[in-house]
Amino acid sequence: MPVSDRVYSNIKKKWGHRTSWAVWADDEMLEGRPSTSNIEDTGLFDKRTNPAILELCNPNFILLGLNCSNKIKLDTFTNFHSAKGGDYKLRYALKNSPLWGAYMTDFFKDHSELIGKKALAYYKKNPLKVQENVASLREEIRELEAQSPTIVCLGWGLYETNYIQKNFPELSVKHIPHYAGAPNDAQIYRLSVMKRVIDQLGFEPWNDSMENGWTLSRS
């Protein structure tokens, strides 16, 4: 079910500087392979010029990253839309998938640490900080107004801590590989994501945006 105008506007105003949606402008696929072209184009999130964005955004799935550095100044909905990292691989992996349009956020917000293991080690020693972020995520989920959304952790590290499963027992919690630690071959990453989604969520394979082939359906 698409997001409502009211919910979209509220999320944008309150959380937009640290969140986004799994929707990206089309990849021009320079040289016939996935590229970073248009990855930073967030103009599609302007509902005044692109009212169709409300139909694309799907609050029933939440893609949850580990942490977002407070040293990074983000404009609205620019998180996960950078040409500097492997965000383009995530775009390619999710295009035509059931996770396209998912709400995207980080569990630990405003934590300056590029190495995930160090961030996890810090929170292991500071359980009260973990609960602060649990409360923040719970507030986000409530304001999405989705009925029992599925949380999909980006990467094994956060999923393995059991923070999400323990604090959100009423929700289904899954995980897919993180694009940052994925091989340079975007096709391999796409296939690994697809396998996880098929195995955990019961969806069938979706078509490669660079090729003709599979169709998307729920098994």
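1. A polar contact is here a pair of N or O atoms within 3.5 Å, where, within protein, one atom must be able to donate a hydrogen and the other to accept it. In this predicted model, Asp185 caps the N-terminal end of H8, with a side-chain oxygen lying 2.9 Å from the backbone nitrogen of Gln187.

2. The sheet is open and has 5 strands in the order S1-S3-S2-S4-S5, with mixed pairing. Because strand S1 (20-21) and strand S5 (173-176) stand at the edges with a single partner strand each, one side of each is left without a neighbour in the sheet.

3. Strand S2 (residues 58-68) and strand S4 (residues 150-154) run parallel and are joined by 4 bridges; Phe61 has Thr150 in S4 as its bridge partner. Helix H8 (residues 186-201) packs on the sheet, where it touches S2, S4 and S5, and its direction makes about 160° with that of S5.

4. The length of H8 can be checked: at 1.5 Å a residue its 16 residues should span 22 Å, which agrees with the 22 Å between its end C-alpha atoms.

5. Which residues of H8 are buried? They are Ala186, Tyr189, Arg190, Val193, Met194, Val197 and Leu201, and because they cover an arc of only 135° around the axis, they lie on the same side of H8. These buried residues pack against S2, helix H3 (87-94), S4 and S5, whereas Lys195 and Asp199, on the other side of H8, are exposed.

6. Just after H8, Gly202 takes a positive phi of about 80°.

How values were computed: Residues numbered from 1 in each chain as written. Predicted model: local features only at pLDDT ≥ 70, side-chain atom pairs only at ≥ 80, totals over all residues. Heavy atoms only, no water. Pairing = 2+ DSSP bridges. Helix = DSSP H or I, 4+ residues; strand = E, 2+ residues; numbered from the N terminus. Contact = heavy atoms within 4.5 Å. Axes fitted to C-alpha atoms, helices over the stretch in contact; angles between N-to-C directions. Expected span 1.5 Å × (residues − 1). Buried < 20%, exposed > 50% of the residue type's maximum accessible area, 1.4 Å probe, protein only. Arc of directions from axis to C-beta.
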